[in-house]
Amino acid sequence: MHSAEEKVRNYITENRIRGTRLLQKLVQEPSTRGNESGAQAVIVEKCRELGLEMDIWEIGGEGLLAHEAFCSDRKDFRGNPNAVGILRGTGGGKSMILNGHIDVVPAGDNNDWDLDPFSGHIECGKLYGRGSTDMKGGTASLLMAMEAIKNSGIKLKGDVIFQSVIEEESGGAGTLAAVLREYKADGAIIPEPTNMKLFPKQQGSMWFRVSVKGKGAHGGTRYEGVNAIEKAMLVIDRLRKLESDRNARITDPFFKSIPIPIPINIGKIHAGDWPSSVPDLAIIEGRMGVAPNETQENAKLEMLNAINHLCEEDLWLKENSPVLEWFGASWLPGDLDPEHELIEVLSESFINVKNSSPLIEASPWATDGGVLSKVGGVPVVVFGPGVTETAHQANEYIRLEDVFDAAEIIALSLLKWCGVSERK
């Protein structure tokens, strides 16, 4: 007589081809922003095959758009739904959310790829394609774990709520919509590409824009003007100092392997429209990291104060203060107690599969975990297959062995967390 743990592990081992084909189908659907429906159809088909209780809906409406955590510039989500599939328990156990995002970033220049960005090509144990690591590989692990439990004839006590959401790459509107639809649980796993590490803490992030005014003049008499680029360089230098000051305060050991725990990245700068003219405006855009234990409001205030202090040191900036704006994408941070039971359960399952203890760290990037934990009040651990180094890059790939190992670890965690029912 095999135990429940042996049954699910054997099932995943014996059905690796099925899992690989599922992941390949998902990657071959180019689910960039506004085009998520094809990949969601693959998800829905799989959930229905498993007999899950389905909820498919187009997000939006005043409740979502007016929520303080909503930050997308996209207001029309028609044709690209969220999908939730529920594996109902018999009662008496803890519930679990399994959350994955179906949207992927654009492929970029096709010439940088060795093959079609959405080929799903398999070679040397790796599956290639945009979204394979971030994060369709993790989503496949979730579905394989649920399939192994369901098809092995095992019933859980607690509910398992599988979520395939849109808009994660643009700020988390899909997960926020699921929270506002009252999908909550005793715990949640998000299988982002952590390289099989456990992330109980995630940094948040926000996009910012600083407009720096100058005074136009002819390039031949540039001394009659004020170069907005040169003034913007002062702002950038001050932001670098702010980044240094903020990171010097972080002593959390979970960040010890991350060189800059909460970076301030300058992503875009635009200034001037003629080489022989002194530019009268420079616009800086970037991303500010937010520590797991701080609020976005506090981070915003620190940047504003840093710019204001700079203005006290420069006469032009004092009379022509740069304008700081917050726009576009924004992700809430997440901060789970490392002693939480969910960490313990995942760690035990990890050891059972990998015969070694997992690395537990803080996430170097933001996830939908902040929405689930801060808005939904759900304890979240980010754990999944894939490495960040290939995400958002040409020739993105995922190791299939990691997908299967993650599926086993998640399946064993569901057995422990939700409880195995004696009822048939």
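Biologist: Which residues lie nearest the centre of the second largest pocket?

Modeller: Good place to start, and bear in mind that this is a predicted model. Rolling a probe the size of a water molecule over the atoms shows where empty space is left. Here, the second largest pocket has Glu68, Gln296, Glu297, Ser330 and Leu332 nearest its centre, among 22 lining residues. Its volume is about 430 Å³.

Biologist: Which element gives the most to the lining of that pocket?

Modeller: That is β14, with 6 residues. At least two residues each come from β9, α8 (296-313), β14 and α11 (369-375). By class, the lining holds 12 nonpolar, 5 polar and 5 charged residues.

Biologist: What is the volume of the largest pocket, and what lines it?

Modeller: The volume is about 900 Å³. Its lining has 36 residues, and Glu169, Trp207, Arg287, Trp331 and His392 lie nearest the centre. β14 supplies the largest share here too, 4 residues. The lining divides into 14 nonpolar, 11 polar and 11 charged residues.

Biologist: Now for the packed side chains. How many residues does the largest nonpolar core have?

Modeller: A nonpolar core is made of buried residues whose side-chain atoms come within 4.5 Å of one another. In this model the largest one has 86 residues, and Leu98, Leu156, Phe383 and Leu414 have the most contacts inside it. Helix α12 (residues 400-418) contributes the largest share, 13 residues.

Biologist: What does Leu98 touch?

Modeller: Leaving aside residues up to four places away in sequence, its contacts include Leu142, Phe162, Ile189, Ile410 and Leu414. There is also a second, separate core of 25 residues, including Phe208, Ile236, Leu239 and Met288.

Terms used: Residues numbered from 1 in each chain as written. Predicted model: local features only at pLDDT ≥ 70, side-chain atom pairs only at ≥ 80, totals over all residues. Heavy atoms only, no water. Buried < 20%, exposed > 50% of the residue type's maximum accessible area, 1.4 Å probe, protein only. Contact = heavy atoms within 4.5 Å. 1 Å grid on protein atoms, 1.4 Å probe; cavity = no way out; pocket = protein on both sides within 12 Å on 5 of 7 lines; lining within 4 Å. Points joined across faces, edges and corners; volume = space filled by probe spheres on them. Nonpolar A, V, L, I, M, F, W, Y, C, P; charged D, E, K, R; others polar.
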